[in-house]
Structures are given as structure tokens and as C-alpha cells.
Amino acid sequence: MPIVALLVALVVLVVVLIGAVTGSTPQPDACESQVDGPPVAGIPATYLALYRKAAADYGIPWEILAAVGSVESDHGRSTAPGIHSGENHAGAGGPMQFLSATWAGYGVDGDHDGKKNRYDPADSIPAAANYLRHNGAPPKMRAALFAYNHSNTYVDNVLNRAHKYKITLTTGTTPANASPPAECAEAAAISAPNATIAKIIAFAMAQRGKPYVFGATGPNAWDCSSLVQAAYAAAGLTIPRTTFAQWPFGIRIPNDHAQPGDLVFFNSGPGTSTTTPGHVGLVIGNGQMIAARCSTCHPAIGVETYHRPDWIGTTRPLFRLTSTSNPDQPLRG
């Protein structure tokens, strides 16, 4: 065999062996900040990157933010009063047109320069996402946009422009759609305490609609404990496989201290009791959990309240994983 061919064969063999040891190539994290993406006609590249970053950070579709920026200031290109300095006749200023009082409450230091400047798109665009999210977006997008500007005509204009942006094609045939996946947007709207918990919740939310199969470990079906184990694994964390092992693993906390990322346990299923729970769910906030429920449930994996009569306890695995045992300490990533 020629030397060059032998070297190539050895390299291929090494790659195959590495793949066999490490498993398949890790998939990119769908919830990482998605600043890069195809160009969109009519939107300056700098503004488009800011819209996409704010979308990933706050869970508001980039095309909505772009549509607001288009209506308010033509993406900062307008020379109307109040865009680059001062205020317009209504008292609004900056490319996303914030009133000073609203800015005081929802302004963001997006570029981390120590200042919140409503005339700086690096601050005002994430601030717009922050304000829309505060008012119910993305689930209540019309209401959030109406709070932004109390006009149904304005809301319709923004939504129409957003739709056009989303379906606009680039110079090729790739849709200019860089919105974060729905589960990432929902996880962001849940206000997870940190990026680690956001990843845990985003993974679990992405499993909705899949079947429940007792003993299944994914990726096409799950049971209650394998779902939460896999969700933690998506954030690089290892917890036990079964409900019975997960119950003693995490640090017990009072039920009224439950936070996103915690596990809630139930005296549910055969052979279980108040000391050996048989069902587990993942807290996502606001009294809700996501859980793989049962094979006949619709949906089998979905969101529901954890305030039920058979709720017997709550644990915080992150405290075990970070060697911390203070239930009142803020969660860390």
C-alpha cells in the first residue's frame, strides 16, 4: 500500500475509533445565542444580528423585533425627531421608541458598557424584547404589541411585516428564518434562573407530543424518570435513572420553595408510598411542571400543575451536584 494511502487509512481508522468511544457527534445547542444567520433584505446586518441575539436571549421571535424596529425607525435609518436624540411629539426616543418612564422600568444594558442608552440599538433592541416579554409575549403577542403601542392598526402593521420578514428568501432558496426553536422561546419566557436550567427545561419541553413507554430511555419515547434524567444530561449533568433513585439523590426542599429545575415527586403508581414516590416531574415555574405522565394520557408528555393531593416532596438535584445544601440560596449555573 502506498505510504499516503496508508496514512489516510490510519486517519480514518482513528476517527472511527474515536466515534465509537465518544458516541455520535454532539449536536449543537439549539438554545445558544443565534446571532448568525442568513441576510434579510431591507434590514442592516448590524440590526439583524441584534434582533437575533435578543430573540435568543428573551424568547421573542426575531422577526417581531425587526418589524417593531422597522415601524419605529426603519432600523435606525430614519431622521425623524427622537430617533437619534431628543424625543418625538409623544415623548418617545431611540430606534425602538421608548418613553422615558418605560425605559426607566425596562431598559437594558445590552452591550454591557455600564449604561442603558435608549438611543443605542444594542440596548434598545433587547429592551424591546424585555418589554414585550413582560407584557405576555410570545404566547400573548397581540396583547404585548398593543401594550407597546395602543393601536390595533400598529399591531396589525407589525405582525404583517414580521410575517413578510419570516418568509423572505435570501439570494438562494434558504428561508430567512433564524427564530429560536419554540421550546427555547418558551423556556426563556419561563424565566429560568440561569442558562443551565434553561437548557434542562428546553430539552424537556422539546419532548412534548412523544409517547410514554414505561422503561423507555428516548429519544423517541420516555417514562417520567428517564425524561428528567435526559433533560439534566442535556445540560451536562448526571442524575440517577429511576424515580426511586432520584428521590434520595437531590437535596430535599420545602414544597413552597419549588423553583424551575427542581424535581417534584408523587405517591403515584403501584408499589409506591409517601416515602417511596413512583412519579416525578420537572418544575418549569408558575406552579407548572413538565412530565411524562402515562401511555393513555393526552398528551403523554406535557405541562400540568404539580399542586396535586399526591405531591409528597420536592428536591433540588443541583444542590447535590454543586455540593450545596442551602435551599434558600439562588440557583447557580
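User: Which strands does helix α10 lie across, and at what angle does α10 run to β5?
Analyst: In this predicted model, helix α10, which covers residues 224-234, lies across β4, β5, β6 and β7, and α10 runs at about 45° to β5.

User: And which strands does α9 touch?
Analyst: Helix α9, residues 195-206, packs on the sheet and touches β5, β6 and β7, while the direction of α9 makes about 115° with that of β5.

User: What is the order of the strands in that sheet?
Analyst: The sheet is open and has six strands, which follow the order β3-β8-β4-β5-β6-β7 with antiparallel pairing. Strands β3 (251-253) and β7 stand at the edges with a single partner strand each, so one side of each has no neighbour in the sheet. Taken on average and ignoring direction, neighbouring strands of this sheet are turned by 40° against each other.

User: What holds paired strands together in general?
Analyst: Strands of a sheet pair through backbone hydrogen bonds, and the pairing can be parallel or antiparallel.

User: What about β4, how many bridges join β4 to β8?
Analyst: Four bridges join β4 to β8, again in an antiparallel arrangement, and phenylalanine 266 has tryptophan 311 of β8 as its bridge partner. Strand β4 also pairs with β5 in the antiparallel sense, over four bridges, where the bridge partner of valine 264 is glycine 281 in β5.

User: Which residues of β4 point one way and which the other?
Analyst: Leu263 and Phe265 point one way from β4, whereas Val264 and Phe266 point the other way, and all of these residues are buried.

User: Moving along, is β6 mostly covered or uncovered?
Analyst: Strand β6, residues 288-292, is mostly covered, with four of its five residues buried. On one side, three bridges join β6 to β5 (residues 279-285), and these strands run antiparallel; here glycine 285 stands opposite glutamine 288.

User: What's between β5 and β6 in the hairpin?
Analyst: Two residues lie between the strands of that hairpin, and asparagine 286 takes a positive phi near 55°.

User: Back to the helices: at what angle do α9 and α10 pack?
Analyst: Helices α9 and α10 pack at an angle of about 135°, with their axes 7 Å apart, and that makes α9 oblique to α10. The crossing of these helices is right-handed.

User: Which residues meet there?
Analyst: From α9 the residues are Ile200, Phe203 and Ala204, and they meet Leu227, Ala230, Ala231, Tyr232 and Ala234 in α10. By class, that contact has eight nonpolar residues, with no polar and no charged ones.

User: What about the loop between α9 and α10, where does phenylalanine 214 sit, and is that residue buried or exposed?
Analyst: Phenylalanine 214 has its place in the loop between α9 and α10, and the residue is exposed, with a relative accessible area of 71%. The C-alpha atoms of phenylalanine 214 and alanine 292 are 9.7 Å apart in space, although the two residues are 78 residues apart in sequence.

User: New topic: how do α6 and α7 cross?
Analyst: The axes of α6 (residues 141-148) and α7 (residues 152-167) come within 9 Å and cross at roughly 120°, and the two helices are therefore oblique to each other. The crossing in which α6 passes α7 is right-handed. Among the residues that make the contact are Met141, Leu145 and Phe146 of α6 and Tyr154, Val155 and Leu159 of α7, and the residues of this contact divide into eight nonpolar, one polar and two charged.

User: Last one: how many helices and strands are in the protein?
Analyst: The protein has 12 helices and eight strands, and 42% of its 333 residues count as buried. Among contacts between residues at least 6 apart in sequence, 54% join residues at least 24 apart.

Notes:
Residues numbered from 1 in each chain as written. Predicted model: local features only at pLDDT ≥ 70, side-chain atom pairs only at ≥ 80, totals over all residues. Heavy atoms only, no water. Buried < 20%, exposed > 50% of the residue type's maximum accessible area, 1.4 Å probe, protein only. Pairing = 2+ DSSP bridges. Axes fitted to C-alpha atoms, helices over the stretch in contact; angles between N-to-C directions. Parallel < 35°, antiparallel > 145°, perpendicular 65-115°, else oblique. Left-handed = near helix turned anticlockwise from the far one by under 90°. Contact = heavy atoms within 4.5 Å. Nonpolar A, V, L, I, M, F, W, Y, C, P; charged D, E, K, R; others polar.
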